Amino acid sequence: MSGKIEKVVQSKYGQVARSGLSSEQEGVRAVAQAFGYSPDELASIPAEANMGLSCGNPTAFASLRPGEVVVDLGCGGGLDVFLAARKVGSSGRAIGIDMTPDMIELAKRNAAKADNGRPLANVEFHLATIDHLPLPDASVDVVISNCVINLAPTRRPSSAKSPACSSPAAGWPSATSPLSSPCRPTWARTSWLTSAASPGRSSSTITARDSSTRG
Ligand SMILES: C[S@@+](CC[C@H](N)C(=O)[O-])C[C@H]1O[C@@H](n2cnc3c(N)ncnc32)[C@H](O)[C@@H]1O
C-alpha cells in the first residue's frame, strides 16, 4: 500500500518537475509570496527552484546559524535548500532529500547555477525517501520540511535507529509518528495534493524547536 502511495506521489511531482513552473510566472511568485517568501529571497535563487509548492517559509524562522548542517525533507527543486545554504554559509551545508527522480535532477540543475550562474558549493541533493535518509549518524544540526510530511505513507521522517542529527530535541509534531528526533525540526506542512484538489482548504505551518540546542 505504501509503495502504491509513493508511486502516485512520485508520478504527480514528476509531472510538476517537468512542467516548467517557476518564479518567472507571476502566479507562481504570488503563491510563494503568499506563503512568506520575500521578493528578494525569490530573486536570490534559481527561478526554477520555486514551483509554487510550498506552504510556508521554514528558513525564515529556523534561525539557521553559520556552520550548521541542514537537511530539507522533500526538497523539490531546492527552494529551501538554496535559501538555507546562504544562511549557513560556506562553513555549513544544506542537503536536499527527495524521492522523485525528476525533482532531484531539477534541483541538481538548479544547484549548478545557484551562485550567480555558477555552481553553489555547499549544497547536495539525494534521491531517497524521508524515512531512509542516506546520511551518517549525528551528521545534521537542523531538519526542515515544507509541504511533505503529509505525503509520506509512514510519516516517520528519518531514522529512529540511525539518527542523522546530533543532539536531543523536541521530537516531531504529533501529526507524524512520535519520534524522539535528535535535532530541531522546523517545517511547514500540508498535503499539496489535497489542497490542490480542494482550493478552499487551509494549510498549516508548524514549527518545533528544542531550546536546548539553541545555544
Ligand atoms: C509539495 S512538494 C514540496 C517541495 C518543496 N519542499 C517546496 O516547498 O518547493 C512535495 C515534495 O516532497 C516529495 N516527497 C513526497 N513524499 C516524499 C517521501 N516520502 N520521501 C521523499 N520525498 C517525498 C515530492 O517528490 C515533492 O518533491
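**Entry 1: helix α5**

I began with helix α5 (residues 79-88) and asked how many of its ten residues are buried. Eight are, so the helix is largely enclosed by the rest of the structure. For "buried" I used 20 or more other C-beta atoms within 10 Å of a residue's own, for "exposed" 12 or fewer, and for "partly exposed" anything in between, with C-beta atoms placed from the backbone. Helices are DSSP runs of H or I with at least four residues, strands are runs of E with at least two, and both are numbered from the N terminus.

A note to myself on provenance: this is a predicted model, in which local features need pLDDT of at least 70 and side-chain atom pairs count only at pLDDT 80 or more, while totals for chains, interfaces and linings use all residues. Residues are numbered from 1 along each chain as its sequence is written.

The buried residues of α5 are Leu-79, Asp-80, Val-81, Phe-82, Leu-83, Ala-84, Ala-85 and Val-88. I then looked up what covers them, and the list includes α3 (39-43), α4 (58-61), β1 (69-73), β2, β3 (123-127) and β4 (142-146). Contact here means that the C-beta atoms of two residues, placed from the backbone, lie within 7 Å. Just after α5, Gly-89 takes a positive phi of about 70°.

**Entry 2: the whole chain**

I stepped back to count the secondary structure and found seven helices and six strands. Along the sequence they follow the pattern α-α-α-α-β-α-β-α-β-β-β-α-β. Of the 215 residues in the chain, 44% are buried. Among contacts with a separation of 6 or more, 64% are between residues 24 or more positions apart.

**Entry 3: strands**

Which way do β2 and β3 run relative to each other, parallel or antiparallel? They run parallel, and five bridges join them; strands count as paired if DSSP finds at least two bridges between them. I picked out Ile-95, whose bridge partner in β3 is Glu-124. From β2 the chain passes through α6 to reach β3, a right-handed β-α-β crossover. Right-handed means that, with the strands pointing away from the viewer, the path from the first strand over the helix to the second runs clockwise.

Next I checked β4, where five of five residues are buried. Both of its faces are covered: Val-142, Ile-144 and Asn-146 are buried on one side, and Val-143 and Ser-145 on the other. β4 also runs parallel to β1, with four bridges between them. Val-70 stands opposite Val-142 in that pairing.

**Entry 4: the ligand shell**

I looked up how many residues surround the ligand and got 21, the closest being Ser-54, Gly-74, Gly-76, Met-99 and Thr-100. A residue counts as near if its C-beta atom, placed from the backbone, lies within 6 Å of the molecule. The elements giving two or more residues to this shell are α1 (2-17) and β2 (93-98). By class I have 14 nonpolar, six polar and one charged. In this scheme Ala, Val, Leu, Ile, Met, Phe, Trp, Tyr, Cys and Pro are nonpolar, Asp, Glu, Lys and Arg are charged, and the others, Gly among them, are polar.

**Entry 5: α1 against α6**

The axes of α1 and α6 (residues 101-111) come within 7 Å and cross at roughly 30°. I kept in mind that axes are lines fitted to C-alpha atoms, for helices over the stretch in contact, with angles from 0 to 180 degrees between N-to-C directions. Tyr-13, Gly-14 and Ala-17 of α1 meet Asp-102, Met-103 and Leu-106 of α6. These contact residues divide into four nonpolar, one polar and one charged.

**Entry 6: single residues**

Most residues other than glycine have a negative phi. Asn-116, in the loop between α6 and β3, has a positive phi near 50°. Cys-147, in the loop between β4 and β5 (184-189), has a positive phi near 70°. Is each one buried or exposed? Asn-116 is exposed, with 7 other C-beta atoms within 10 Å, whereas Cys-147 is buried, with 24.

Ser-19 counts as exposed because it has 10 C-beta neighbours inside 10 Å. Its C-alpha atom is 8.9 Å from that of Met-51, 32 residues apart along the chain. Val-31, in helix α2, has 19 such neighbours, so it counts as partly exposed.
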